[in-house]
Amino acid sequence: MKAVKIILSIIAILIGLYVILCAVFPKTFDINRSITIKAPVDVAFEPINDFNQWQTWSPWKEKDTAMKITVTGTIGEPGYKYEWESTKKDVGKGSLTRITTVQNKTIENDLFFADMGMTSRTYFSFEETPEGTKVTWGDKGELPFFSRIMSPMMEKMIAPDFEHGLAKIKALVEQHVAEAKTTASDIKVEEVDAPAMHYMSMRDTASNATIGMKIGKCYGEIGKVMKKQGLKEAGAPFAIYHDYHENYFDMEPGIQVDKVGKTDDKITYNEMIATKAVVAHYFGSYEGTGQGYGAANAYIKTKGLKIKGSPWETYITDPMTEKDTAKWQTDIYYPVE
């Protein structure tokens with residue numbers, strides 16, 4: 001009986017000590033790490049903002065390459081969600097839900113670990129420096145009372161993954177920048193006389209996540225009206241870009257036709273007058289067309305030309321018949337004077 005009392009006393013003391021430690025240790029945590037990437041801020045921002053690109057640098061994806069990943073919602077908008085599920089205990093199951101996005105400045109997500117029932121706020125910040133872009137990755141939150149004893153261990157548990165992930169982002173982005181410079185130098189840019197043309201078009205807006213789908217939909221609607229009016233395609237499909245900023249496109253996909261057509265609801269008939277233009281002949285996937293725009297703008301600046309209208313892209317290669325993206329040709333035009 002005496003032994004039982006001693007054991008119970010020891011247990012009571014340990015419980016009391018545990019409660020005291022939980023009361024003493026901090027109830028909140030904010031752990032972060034930073035790295036400087038030799039790249040423009042918009043380039044460093046993209047693979048972090050887009051959950052679909054996380055698999056290329058995520059330290060947890062590296063721990064379990066077979067884990068199930070589901071991405072839903074619109075890139076950068078509240079509610080944009082990344083869910084993962086793994087059979088490995090050190091990866092587990094959980095989700096990231098976008099709270100706020102300030103383009104090229106900050107990203108905040110709610111982080112939920114289903115196995116622990118724990119929620120925190122993970123964040124990224126981006127700062128332009130003379131050396132490049134300083135990227136900070138952090139996680140902050142509040143620990144339940146009886147978990148506060150873990151506070152001193154949080155740094156060792158979380159920081160190594162942040163450091164590893166940031167190092168992978170740095171390597172990925174800097175490699176991309178190096179490849180883009182090489183590719184851009186190989187892009188042929190020239191001045192041409194763009195001929196006049198008749199075309200049917202449909203204006204719409206899109207985000208980075210929806211632009212491909214929406215352009216395809218526009219072409220489908222334009223094709224229906226062309227068939228109804230007996231119009232034939234007279235050139236490669238194209239799209240005029242009236243505006244683009246912070247994940248927003250104001251675009252006008254169009255198809256050149258063989259004769260005068262008629263406006264039909266959202267499908268409009270238009271005529272483009274002959275104009276002097278600078279064209280960059282870009283080869284590669286559509287995600288890389290920014291290199292073509294960069295090459296065209298560099299040429300325009302060097303030659304002292306003045307842009308006098310919205311640029312347009314002409315899609316020379318049909319991706320349905322050519323599967324090798326390296327062979328896809330997109331001609332990027334800027335009307336100039």
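The following dialogue goes through a predicted model and asks what each label rests on.

Mentor: This is a predicted model, in which local features need pLDDT of at least 70, side-chain atom pairs count only at pLDDT 80 or more, and totals for chains, interfaces and linings use all residues. Residues are numbered from 1 along each chain as its sequence is written, and side-chain values use heavy atoms, with hydrogens and water left out.

Trainee: How many helices and strands does the protein have?

Mentor: The secondary structure comes to 6 helices and 16 strands. Helices (H or I, at least four residues) and strands (E, at least two) are DSSP runs, numbered from the N terminus.

Trainee: Why is threonine 330 called buried?

Mentor: Buried means under 20% relative accessible area, exposed means over 50%, and partly exposed is in between (1.4 Å probe, protein chains only). Threonine 330 has a relative accessible area of 0%, so the residue counts as buried. Threonine 330 belongs to strand β16, residues 329-335. In the protein, 39% of the 337 residues count as buried.

Trainee: Which residues are in contact with threonine 330, leaving aside its neighbours within four places in sequence?

Mentor: Contact means heavy atoms within 4.5 Å. The partners of threonine 330 are Ala280, His281, Tyr282, Tyr286, Thr289, Glu313, Thr314 and Tyr315.

Trainee: What makes β3 and β4 a pair?

Mentor: Two strands pair if DSSP finds at least two bridges between them. Strand β3 (residues 81-85) and strand β4 (residues 93-102) are joined by 5 bridges and run antiparallel. Tyrosine 82 stands opposite leucine 96 in β4, and lysine 81 has threonine 97 in β4 as its bridge partner.

Trainee: How many bridges pair β4 with β5?

Mentor: β4 and β5 pair over 8 bridges, in the antiparallel sense. Threonine 101 has isoleucine 107 in β5 as its bridge partner. The two strands, β4 and β5, form a hairpin with 3 residues between them, and asparagine 104 in the turn has a positive phi of about 65°.

Trainee: In what order do the 7 strands of the open sheet come?

Mentor: The order is β1-β7-β6-β5-β4-β3-β2, with antiparallel pairing. β1 (28-37) and β2 (68-72) are the edge strands, as each pairs on one side only. On average, neighbouring strands of this sheet are turned by 15° against each other, direction ignored. Helix α2 (residues 41-49) packs on the sheet and touches β1, β4, β5 (106-113), β6 (118-129) and β7 (132-142); the direction of α2 makes about 165° with that of β6. Axes are lines fitted to C-alpha atoms, for helices over the stretch in contact, and angles run from 0 to 180 degrees between N-to-C directions.

Trainee: How do you know that the span of α6 is close to the expected one?

Mentor: The expected span of a helix is 1.5 Å times one less than its number of residues. Helix α6 (residues 290-303) has 14 residues and reaches 20 Å from its first C-alpha to its last, close to the 20 Å expected. Buried residues in α6 include Tyr293, Ala296 and Ile300. Just after α6, glycine 304 takes a positive phi of about 70°.

Trainee: What makes aspartate 161 and lysine 63 a salt bridge?

Mentor: A salt bridge is a side-chain nitrogen of Lys or Arg within 4 Å of a carboxyl oxygen of Asp or Glu. The closest N and O atoms of aspartate 161 and lysine 63 are 3.3 Å apart, and the pair forms a salt bridge. Aspartate 161 lies in helix α4 (residues 151-186) and lysine 63 in helix α3 (residues 59-63), so the pair ties together parts that are 98 residues apart in sequence. By this rule the count comes to 11 salt bridges.

Trainee: Is aspartate 161 buried or exposed?

Mentor: Aspartate 161 has a relative accessible area of 15%, so it is buried. Lysine 63, with a relative accessible area of 30%, is partly exposed.

Trainee: How far apart are the closest N and O atoms of aspartate 264 and lysine 228?

Mentor: They are 2.6 Å apart, and aspartate 264 forms a salt bridge with lysine 228. Aspartate 264 is partly exposed at a relative accessible area of 21%, whereas lysine 228 is exposed at 60%. Elsewhere, salt bridges that share partners join Glu108, Asp110 and Arg121 into one network.
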